[in-house]
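Trainee: I am new to this structure. Please take me through the terms as we look.

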Amino acid sequence: MAGMKTASGDYIDSSWELRVFVGEEDPEAQSVTLRVTGESHIGGVLLKIVEQINRKQDWSDHAIWWEQKKQWLLQTHWTLDKYGILADARLFFGPQHRPVILRLPNRRVVRLQASFSKPLFQAVAAICRLLSIRHPEELSLLRAPEKKEKKKKEKELEEEVYDLTKVVLAGGVAPALFRGMPAHFSDSAQTEACYHMLSRPQPPPDPHLLQRLPRPSSLSDKTQLHSRWLDSSRCLMQQGVMAGDVLWLRFKYYSFFDLDPKTDPVRLTQLYEQARWDLLLEEIDCTEEEMMVFAALQYHINKLSQSGELGEPASGDLGLDDLDTALNNLEVKLEGSAPTDVLDSLTTIPELKDHLRIFRPRKLTLKGYRQHWVVFKDTTLSYYKSQDDAPGDPIQQLNLKGCEVVPDVNISGQKFCIKLLVPSPEGMSEIYLRCQDEQQYAQWMAGCRLASKGRTMADSSYASEVQAILAFLSLQRAGGGGSGNHPQGPDASAEGLNPYGLVAPRFQRKFKAKQLTPRILEAHQNVAQLSLTEAQLRFIQAWQSLPDFGISYMMVRFKGSRKDEILGIANNRLIRIDLAVGDVVKTWRFSNMRQWNVNWDIRQVAIEFDEHINVAFSCVSASCRIVHEYIGGYIFLSTRERARGEELDEDLFLQLTGGHEAF
Amino acid sequence: MGESNEDIDQMFSTLLGEMDLLTQSLNALEDQDLDALMADLVADISEAEQRTIQAQKESFQNQSHFAPPETSAHSSAACHGDAAHAASITISQCEGDLPPPPADPVLDLPLPPPPPEPLSQEEEEALAKADKIKLALEKLKEAKVKKLVVKVHMFDNSTKSLMVDERQLARDVLDNLFEKTHCDCSVDWCLYETYPELQIERFFEDHENVVEVLSDWTRDTENKVLFLKKEEKYAVFKNPQNFYLDNKGKKENKETSEKMNAKNKEYLLEESFCGTSVLVPELEGALYLKEDGKKSWKRRYFLLRASGIYYVPKGKTKTSRDLACFIQFENVNIYYGIQCKMKYKAPTDYCFVLKHPQIQKESQYIRHLCCDDAHTLHQWVMGIRIAKYGKTLYDNYQRAVARAGLASRWTNLGTVNTATPAQPSTGTSSSQPNGQIPQTIPSVSAGLQEAQRHETIKVSKVRSPHKHILAEEMAQQLRCLPAKPKDPGGTSIWNWRPPVPPKRQENPGLPSAGAGGEQDFMSDLMKALQKRGHMP
């Protein structure tokens, strides 16, 4: 027993005094002094500490942190000698789980308890389980960027912080669902709100804010982000993270396994958000046409999530409905009228007839819009000189199937035109229809769009299409309080939405809002029928289709080269990129990779590929541990198999990504 | 009230009777007659055409009710085989809920050409009426199904006429042709459309609807459908490295990319086609673009992206933000250009063409691009197809492989069973809109397969440039008033034979029943027709 004394009070055993601070790393903290010997077990020391503190509390999460060695003393059966602890060790008795502030991919903030003692890989897995994000191996944590001192103290918007520190996660792999959300979220209104924040897309950001946020202006800027990744094989405490620090949670590896809209609402949403911010902050470049599609999808997603239409659209068997109505029609007709009508009734299709002004651009004519009587039936548009001529032959008849429909709208100018590019064997013929007001425009536009896809106005989507067009028009009306005779769209919330919030700032500079809106509207018509999850998935897919998708940039210097270059790491390859021009110099695929080595002393990574191709480089922008972890991580992710489900071979991961760096 | 009921009954009975008439005549058709029929039709049509030249054009485009009277009677009969099945089954059911038609055709023979007496027991009357309404509806639906007789030019310069209905995909037509030609069913077989006037040609993608594509052709077109082997069709799946790993980082890894082991290929394919989104090969380079309306070509730097083809504007770099969109793929098809060097003074003959499928004549909306060599051309064409069709292309390939595998297995087993593998995957049963439709008669009778094996197809030349005849207009005719042929038995087609009960009806799939099993129907018809040819 440590602490045996003689009568005079001298210690007669080899015991010595050990001072342990209670609490987190705080020199002012309360401390206890114990009498121990080198033979004392950690478990015994823990017990003594608790006895000495003599306070009733749940100490089960507490453990001893050895500051100098940056090490947790977690092996309770080890002795102090085995750990090599002497009297001069600065030990802290504190909780292993501490709160951190986590900035999610959707830029919202949650406070939650993270493990400071387990390797980051496990800590992230626990966080993801709490947030109900599957496949945590694809995510990791970054340090928050250091805030630059602002000249003028701009008043920072008070952000809402969702608190999840109190939430206790039940055991078991998959948290049970309760009221449509994982059970641990359904305890209180706050946590429920948090789940909605996690699983529903956020509204578009304020365009002004968007312009103020930092954007990478060059490839070397893009390398900055990747220098902040935390090390997966070490714990947060070892990496100098303190309780209450801000960390970013991001998808690190761009290899999204088994993305399932049904089981992954949070994962899908967060992935969508990360993709969206990537595009808005120009972390990844796209073309103008692609940006319009992204903007249209964002608009559509926002509209659906605002209006609460979360479920899939009812996709009843149209053919069946069709037949039933036809049957009813037939029966009605049979009871009453002449048999000749019977057959007509089967093909009854709603039609539009109205006076519209039509313009056909032709060479060598200066004619403008002319009033015509226009009949739109089935997928065919016919126009006549006047209403009286209608039973006769039309001036022209156009089948709109396969045509291009382009809106040409200027609300303030009260111009509602539809440009049609109608294919015919001879080529495309261009024709403009000018409508009088929004209502008329929406009806004809919806008809044209359906017809271009080969559907008629009898299609069930016609009404919703009309509504969607009206809703979009309302976007363009400044202030919204314009014409009073306009019927309320389904989503008043969308009114006044600024298209600038949907596109990257460089497009804000390039286009005026009123130029942007019609282009987004045009792209929107192809996605208007998607459900919320479909639209999110489509967004992610389009993001994945970008040539630069999923490349993490590091600044490196290749062996034998005198200048810095960029190494791009993607899920299947390494890319050597010229720093100045941005051209791809060389690509190596992981599938041809034999082995890779890291020399921690000279911070060099050496890779051997098939056919004795050797590549070596030292890392400039990020530590070579990050590069090493990226490569190992992608190799690990490629070993995942569907059959194994969500089970993770953590040892393999740490083996592939860990290293023997001297700390 | 009672009287009007009678009227309706009468009307339906007449209608059904008429349909049966047509049915029978159709069933009497033998396969080789199809070509003869074509010839007759074509003759009739060209005769009629002279009288109605202007109107013809319109009617073709709009599929309106306009049709020359002579042709309508013939072809409405020829084109309503499906209705035929429905008709004969249902009537046997009306006559007292018999069990499914027996296998022996003789029992079903005496279906007389005049309409059967309507059932008039009081208690059954209402039921019968409802049945008939539904039946009539089915038939009307059926009658609306557009069908084309397509002349397919075979690899050996012969031609075959095929009936293709509007629900059939290129895959179904290929399967049909496999059965007829007993070829090796390799994945390289494809339907190929050529436009002699524009000097362009392309594959039908296996998932494309054949009738839809053909309806874009004009009446007097010289376009042809070919059945031939093209290894470019699925080249990307055989050697993905040639498309995905080529040219990256200059020419140095050219040797490595040429040979690649099967496992790596598989891995590459999985990576490219089985992820959340399909990867489009990274493709960029200088191509020549034909300038609008001129025979001059301008060299520009083009890049392929999933969203379209882009070019680098003058003085700009090839970063995403500077690119200008050249074309997007939603509304265009990709074609190979043939002999553009001659026709358009192209720098090389390796051209590809993008145009809206409906454009059939020279137009400024047709885009011509010219590559330096054949390899580049194939890369671009394949790349564009991947960007346009995505995963569908891979699915098509896998179906084609499955089909080829099936065929070789059958040959190996020695039991040439060409009847069953026709549509392996489309058969997922369709929902039945109303319970009155005859139930499934499950198995394929052995006799049919036997007959199938021995059938031979004679090919007769069609005398006219028309490759296909639009049956829709004739179908319209049937809907309004099923006209009796003027002189039954007058031609070889109209020799009246008793109808045959449908043997194979895995899918009673009346056409309205949803998309699922519909494609099967036409091949059923074809088989029934073929079988007739060998009945004693």
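Mentor: Start with two strands of chain A. Strand 13 (residues 351–359) and strand 14 (residues 370–377) run antiparallel, joined by eight bridges. This is a predicted model: local features need pLDDT of at least 70, side-chain atom pairs pLDDT 80 or more, while totals for chains, interfaces and linings use all residues. Residues count from 1 along each chain as written, chains are lettered from A and ligands numbered from 1 in written order, and side-chain values use heavy atoms, without hydrogens and water.

Trainee: What makes strand 13 and strand 14 of chain A a pair?

Mentor: Pairing takes at least two DSSP bridges between two strands. Strand 13 and strand 14 of chain A have eight, so they pair. Strands are DSSP runs (E, at least two residues), helices likewise (H or I, at least four), numbered from the N terminus. Across the pair, Arg357(A) stands opposite Gln371(A) of strand 14.

Trainee: Which strand order does the open sheet in chain A have?

Mentor: The order is 16-15-14-13-19-18-17, seven strands with antiparallel pairing.

Trainee: Why do strand 16 and strand 17 of chain A stand at the edges?

Mentor: Strand 16 (396–399) and strand 17 (404–410) each have a single partner strand, so one side of each lacks a neighbour in the sheet.

Trainee: How many helices and strands are in chain A?

Mentor: Chain A has 17 helices and 26 strands.

Trainee: What share of chain A is called buried?

Mentor: Buried means under 20% relative accessible area (exposed is over 50%, partly exposed in between; 1.4 Å probe, protein chains only). Of the 663 residues in chain A, 51% count as buried.
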